[in-house]
Amino acid sequence: MNTTEATEDLAAQALDAFDDLIAGQDGLRPRPGQREMARHVARTFAPVTLGKPNDEAAPVTRRLAVIQAGTGVGKSLAYLAPAIVAAVAKQTRLVVSTATVALQEQLVHQDLPALAQRLPVGFRYALAKGRGRYVCRLKLERWLADPHAEPDLADVDEVPAAGAPSGERLAWLRARAHDLAHGRWDGDRDSLPEPPEPAWWSAIAAEAASCTARHCPLYGGCVYFEQRKALVGAQVIVVNHDLLLSTLGSRQLPELDQCLLVLDEAHHLPAIALEQFGCRAGLTRLAWIDQLASRALKAGQEVELDALGDVPPAAARLRHALQAVARLAVQTWGARLCEVDGDAQPLCVRLPRGRLPDGFDVPLQEAAQASAAFLDALRAVSAALRAALRERPDEARRLSQLYAQLGTLAPRLEAAHDTVRWLLHEPPEGEAPLAKWFTLSAPGAGAVGDTVRVQAHASPIQPGGLLRARLWSGARGAVLTSATLTPCGQFDFFLREAGLADDPDVEALAVASPFDYAEQGALVLGGVSVDPRDAAAYLQAVQDALLRDLPSVRHGALVLFTARAHMQRVATALPAEWRDRVLVQGTLPRSRLLARHRERVAAGEPSILFGLQSFGEGLDLPGRLCEDLFITKLPFAPPDDPVGEARAEWLRGRGRDPFLDLVVPATATRLLQWVGRAIRTEDDRARIVCYDPRLLSTGYGRLILQGLPPFTRRLDAP
């Protein structure tokens, strides 16, 4: 059989497996769009060449598919079944990446177990999460053995909430240890009944920098490495985008040219890439520097490492240099702090075109040199500790504790080093600059210390270039899918953002939803005629419209806001008899809020959820749970986002319109996600009310409107 015949045969086998699955499962409705997607996945993966060819002159086949699958298509099954068959046939592994842990767990606990019983090929699967989601038993043991041990000095942003006493923290740690020892907890942060305080969890989280791996005395019972063992024999590995991008080149996951890759919720990928490759460092609250230097010297003495005399002066130089940058920031912009409302976010100051103000470069260069010298010494100590662990296994517990104490603070030094280098970076002519900014926070109630807190930040601004260089340069076979890849009806924006616009191996496909949107949903426009640019008048008009329209809700409803203050204001303005019917995001944990909503609707009572952006995506509220959806305002990104501002500035300098190139498509994508909360099954009926008059009164609004599902449209008089 020649290569072409073999490829066609494998694509047919993969699609046949999908067809048999649908035909043999009660309750699965044949959906033309789902089969079309499965066929495209099979034809994408079948011809892919993996690994290094025996003959260097042999051609390598690469295929990337971008598939928009409308709500209700059933995309998980459409990509999993053919992709698994193709991976098993190629004797390789399938990596499925999602944007959220929730979808990861749905795939691992629901979809893959069902497929393992019904597909004609056998396979094993595993869930991969980052180290930081698992407990480090050695760190937990350290805190319980000596709760008064020297704490790891954290930035102000990482200090636990005010009023959380140390006794409460110790009780929480003891409860975790007890549950772990008696098998009532598996060591995974996500399986805790309530999310822990961030600072409490960070004290015991498993992190690469503080891990001695097989040299740790508790390695045999390590939660993280037990999870890693499950990955070794798995043909299907489920990860999230953060983990995928953060481990590129680290061999923690299969090499990109050695596996098949599916990225679900792919519309999140560009934003996650920017977050992943950005950096920040605190320039105040620097006691951790001396603490790290002290620990390095102590560890160096334990392993009899000479030549650590550079550590104290390097630490002092770094601290003084960062303090000098902080003083310059306060001198330059501190007066503007009085203009910031005490309850507002910190003052954010972006550097136009990424250029440093006069005087900043000298202390930053000093910080870069000092942090580099400190890092070199720290790496030498770490290497000596690892060698000592190999040579002195009887001292493993004590040496591992020293290594963990160093590793807990080492990432802060690395972040400071990366941040100051990026602040000093000047791009070559024609390349996009970095976004650079400082945040200044005045001390408030409960703040530690009485000085202005300063942080420095730097980030790339073009996610496409990052993904092209880091991800797609190695990938041989990949499928990217989501329900929202064509804002305003086109793939162009997503392909540019994802770094795939000019890739010759990319093929895009839009698969329509099986829902009859015109029959099942009504999109009500109007109802408010006030221009949103008059913010106060618009917010009042929307509030009045909601108070007018909410009494018509009979079962479940969702109201989406773009600002927490507006959401809380409307909630406060509700008549007393309506307040018991409204559940406001943030007043209860999300799971409890949604459970109460379902209970009320099941009991035949009206129930209305008030939520922000995170409620506009990922919520599955079928049937009566969301018969009414109210959108208070078009979901534009915050206007003061420094990365967005830097991108807009760069595009304007190149003669492009950032509003049309970036803002409108991004807003259209979010709005598509928001309206997707309304119709979840073929039997749903829903009313979607959008109060923002710009959908009809502006050219860009009408462009966004074209990309929405074809609901029946109605105009509502104000």
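Let's start with helix H2: the cover over its buried residues includes helix H1 (3–23), strand E1, helix H3 (75–89) and strands E5, E10 and E11. Keep in mind as you look around that this is a predicted model.

Which residues of H2 are the buried ones? They are Gly33, Gln34, Met37, Ala38, His40, Val41, Ala42, Thr44 and Phe45.

Now zoom in on one pair. Strand E5 (residues 259–263) and strand E10 (residues 477–482) pair up in the parallel sense, over four bridges. Within this pairing, Val262 stands opposite Val479 in E10.

| Helix pair | Axes come within | Crossing angle, roughly |
|---|---|---|
| H11 (residues 287–302) and H12 (residues 311–333) | 9 Å | 170° |
| H5 (residues 137–145) and H14 (residues 396–424) | 10 Å | 95° |

Take H11 and H12. Their axes cross at roughly 170°. An angle over 145 degrees counts as roughly antiparallel, so that is what H11 is to H12. From H11, the contact is made by Ile289, Asp290, Ala293 and Leu297, while H12 brings Val311, Pro312, Ala315, Leu318, Arg319 and Leu322. Sort the residues of this contact by type and you get eight nonpolar, no polar and two charged.

Then there's H5 with H14. How are these two helices arranged relative to each other? Their axes cross at roughly 95°, and angles of 65 to 115 degrees count as roughly perpendicular, so H5 and H14 are roughly perpendicular to each other. Here Leu138, Lys139, Glu141 and Arg142 in H5 meet Arg397, Ser400, Gln401, Gln405 and Thr408 in H14. This contact divides into one nonpolar, four polar and four charged residues.

Finally, let's visit two single residues. Asp188 lies in the loop between helix H6 (166–181) and helix H7 (198–202). Is Asp188 buried or exposed? Buried means under 20% relative accessible area, and Asp188 has 8% relative accessibility, so it counts as buried. Leaving aside its neighbours within four places in sequence, Asp188 is in contact with Lys129, Arg133 and Tyr134. Gly477 is 289 residues away from Asp188 along the chain, and their C-alpha atoms are separated by 31 Å.

Ala89, on the other hand, has its place in helix H3. Its relative accessibility is 45%, so Ala89 counts as partly exposed.

Methods
Residues numbered from 1 in each chain as written. Predicted model: local features only at pLDDT ≥ 70, side-chain atom pairs only at ≥ 80, totals over all residues. Heavy atoms only, no water. Pairing = 2+ DSSP bridges. Axes fitted to C-alpha atoms, helices over the stretch in contact; angles between N-to-C directions. Parallel < 35°, antiparallel > 145°, perpendicular 65-115°, else oblique. Contact = heavy atoms within 4.5 Å. Nonpolar A, V, L, I, M, F, W, Y, C, P; charged D, E, K, R; others polar. Buried < 20%, exposed > 50% of the residue type's maximum accessible area, 1.4 Å probe, protein only.
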